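Please read them alongside the sequence and the coordinates.

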Amino acid sequence: MAKIITMTSGKGGVGKTTSSAAFGTGLALRGFKTCIIDFDVGLRNLDLIMGCERRVVFDFINVINGEARLSQALIKDKRVENLYILPTSQTRDKDALTQEGVGKILDELKKEFDYILCDSPAGIEKGALMALYWADHAIIVTNPEVSSVRDSDRILGVIQAKSRRAEQGLEPVKEHLLVTRYDPERVEKGEMLKVEDVLEILAIPLLGIIPESPAVLKASNVGMPVVLDDKSNAGQAYGDAVGRFLGETIEHRFIKPEKKGFLDRLLRRTA
Amino acid sequence: MSNQVAFRDAPFQLRGSTFTMMVLKVSDPHNPNFFPVLSGKIAQAPNFFRHAGVVLDLDDLPAGTPFDMDAFCKLLRNLGLMAVGLQGGTKEQQDAALARGMALISAARGKAETFDPLAGTGRSPAQGLANVQGQPHAPAAPTPAPAPAPLPEPAPQRTTMVIAENVRSGRQIYAPGGDLVVIGSVSPGAELLADGSIHVYGALRGRALAGVGGDQTSRIFCQSLDAELVSIAGLYRVSEDIGKDIRRRQVQIYLNNGYLHIDPLVTNVA
């Protein structure tokens, strides 16, 4: 049975699209047929992060409006088998999304795919609501800082009130926490919230902790999901998160600052 | 081929088209000379008028003048003309026209469309690609278009839309019925649509769809080609299929024998 996962956060700039690209690619790498949908109508970015912006002809909104078939709009990833991207429109706005239109497309995708990953826009308005309405799972992307945590708390409330599962009194949406841009050194100095603090407020299961890493920006700029960079700690952390999502028990890594060798300390002191 | 138009398997193509059609402005249908004079006019070019479609315009008919649509159209038919549509008229006259199978044609004089750069036109690239042009008041009846004729009926004017600024991401500009000229650059995520040709005096980094109404003679010109997608009359090419050799160069894009060609613009400067 196909599952719909919504990547959401409330707050902007926390790494939803980066996480959608990495997590979706991670699922496909594990052999699941996966489709990532960009719900950020008017601020199209997923195709850039996935490196398929040069191949967009039709988009999500064209399919909703019946101007193109789903098969014409889906873009197959060239690197990973089983991975597809449904880009959105840059020239429209969120009003182009309708609950029925989105539902119809998701139903169609459910016949073909194992996982459908909805990359939500920021905010709690129409775009975000459309992205979360049909969700079976919600991955809440949070940075270890107070405003992000507060917005995540807010979006959790929205999911619990306004999703289809909530409206129809079904089993609630399964919530997962993904802490991104985590910098163990700054946490140690008290400049950033600890994972425990975030968990205490949000009180949902922890799916993964993605360390702040230059590999993320680098991967974004070349249009490659960071999970494909298996040498980077961020890439490995996303791989772990996918494993945990699929039910594996994997210990959290990259929480403590890396042990500095004698030479490192010496160099830092003189630098 | 990726540059083949989508929707080829549709069982029909719905397009807007423009016909030159005669409009018969009726001001005094009860004048005893009405039909004799008309008949004399037709006698001057009988082949041209044979089975020619004609749109009745009753706007000049004084209010309250009795008008028998049925009888009038029969008399026209006797002269060889076919009344295919009605422009203006009262509610009763319009009902009578509809009952006879005539189309109601609203006065599509000149360009009533206004340009709203941000709201766009409600058009989508898909519509452009599919050649589905929703021209609201295209002549309804498939009358044979009269050949270039002695009638002084000017073709609808093609107008040019000029945008003298950079076109940013997310903006959609449609030039209905003519060319679109952009004096500036077009950002990725912006979209230009025109029924005619598109000229960009700057870098084209967004999408450009020329000839969206189906005009295969339209072209795209730009100073530096780095487009996400280019299309002429529904045939398109995405960025990935645009060769490195022509990227970031002055080019023109046109259709020839059903293929989309992208050629560098070679200028011979002495």
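1. A:Thr17 is buried, with a relative accessible area of 19%, where buried means under 20% relative accessible area, exposed means over 50%, and partly exposed lies in between (1.4 Å probe, protein chains only). The residue A:Thr17 sits in helix H1 of chain A, helices (H or I, at least four residues) and strands (E, at least two) being DSSP runs numbered from the N terminus. Leaving aside its neighbours within four places in sequence, A:Thr17 is in contact with A:Asn45, A:Leu46, A:Ile49 and A:Asp119, contact meaning heavy atoms within 4.5 Å.

2. On conventions, this is a predicted model in which local features need pLDDT of at least 70 and side-chain atom pairs count only at pLDDT 80 or more, whereas totals for chains, interfaces and linings use all residues. Residues are numbered from 1 along each chain as its sequence is written, chains are lettered from A and ligands numbered from 1 in the order in which they are written, and side-chain values use heavy atoms, with hydrogens and water left out.

3. An unreviewed UniProt entry carries the annotation "binding site", which covers A:Lys11, A:Gly12, A:Gly13, A:Val14, A:Gly15, A:Lys16, A:Thr17 and A:Thr18; UniProt positions are given in the numbering used here, feature names are shortened, and annotations may be inferred rather than shown by experiment. Of these, A:Lys11 lies in the loop between E1 and helix H1 (16-29) of chain A and counts as partly exposed at 23% relative accessibility.

4. Six of the eight residues of helix H6 (residues 126-133) of chain A are buried, so the helix is largely enclosed by the rest of the structure. The buried residues of H6(A) pack against strand E1 (3-8), helix H5 (99-112), strand E5 (115-119), helix H7 (146-162) and helix H8 (164-167) of chain A.

5. A search of the whole structure finds 24 salt bridges over all chains, a salt bridge being a side-chain nitrogen of Lys or Arg within 4 Å of a carboxyl oxygen of Asp or Glu. One of them pairs A:Asp40 with A:Lys94, the closest N and O atoms being 2.7 Å apart. A:Asp40 lies in the loop between E2 and helix H2 (46-49) of chain A and A:Lys94 in the loop between strand E4 (83-86) and H5 of chain A, so the pair ties together parts that are 54 residues apart in sequence. At 16% relative accessibility A:Asp40 counts as buried, whereas A:Lys94, at 21%, counts as partly exposed.
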